[in-house]
Structure formats: C-alpha cells, structure tokens
Amino acid sequence: MNRLVKIIGLIALLTTVSACGIQPWVKPYERQNLADPIMSFNRDPIANNYMNHVYQAREGSRGAEGGTGGGCGCN
C-alpha cells in the first residue's frame, strides 16, 4: 500500500512539473480575438462596474483591488 501511494505521488509530481513547460495556446496575433467585447464574462459592464465599486467600498480598509479610500463608499 505504501509503495502504491509513492507511485501515485510520483506520477502527480511529474504531471505537475510537466505542466509548467506548456507553451501558451494563444498566439500573439490571435489575442485581438480575445479582446473583443463579445468575449467578456459580464453582459452588463455598467452593473459590473457598480458591483466592483461596492466591493471596493466594503473592502476599503484592506484595499480590495488596489483602490484606496475609506469603507464608507464616498470616494
């Protein structure tokens, strides 16, 4: 049983190490397709910006996403 655990651990380690050497799948000339607005996750950018502002106001004391200010949301 102990030998089986070592073999499984070795296979997992080799898989993890080999995954670090994978080249990016997206070529530089294909990145313009990913920047297309149709590829965004949010369907309503205005609502997303509002929710981001609310999140930053709640986490203002910690600096949620790099924004500064107090936690009151009166920036």
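In the predicted model, Leu34 is found in helix α2, which comprises residues 31-34. With a relative accessible area of 47%, Leu34 is classed as partly exposed, because that class covers values between the 20% limit for buried residues and the 50% limit for exposed ones.

The secondary structure of the chain consists of 3 helices and 0 strands, so that the order of elements from the N terminus reads α-α-α. Helix α1 spans residues 2-19 and thus holds 18 residues. At 1.5 Å a residue, a helix of this length should span 26 Å, and the end C-alpha atoms of α1 do lie 26 Å apart, in agreement with that expectation. Of the 18 residues of α1, the number buried is 0, and the helix therefore lies largely in the open.

Across the chain as a whole, buried residues account for 3% of the 75 residues. The accessible surface of the chain amounts to about 7,100 Å², with 61% of this area belonging to carbon and sulfur atoms.

As regards confidence, the mean pLDDT of the chain is 76, and 75% of its residues reach a value of 70 or more. Among the elements of the chain, the highest mean pLDDT, 89, belongs to α1, whereas the lowest, 80, belongs to α2, the helix in which Leu34 lies. Where pLDDT is low, the predicted coordinates should not be read in detail.

Key:
Residues are numbered from 1 along each chain as its sequence is written. This is a predicted model: local features need pLDDT of at least 70, side-chain atom pairs count only at pLDDT 80 or more; totals for chains, interfaces and linings use all residues. Side-chain values use heavy atoms; hydrogens and water are left out. Helices (H or I, at least four residues) and strands (E, at least two) are DSSP runs, numbered from the N terminus. The expected span of a helix is 1.5 Å times one less than its number of residues. Buried means under 20% relative accessible area, exposed over 50%, partly exposed in between (1.4 Å probe, protein chains only). Accessible areas come from the Shrake-Rupley method with a 1.4 Å probe; for residues, only the protein chains shown count as cover. pLDDT is the predictor's confidence in each residue, from 0 to 100.
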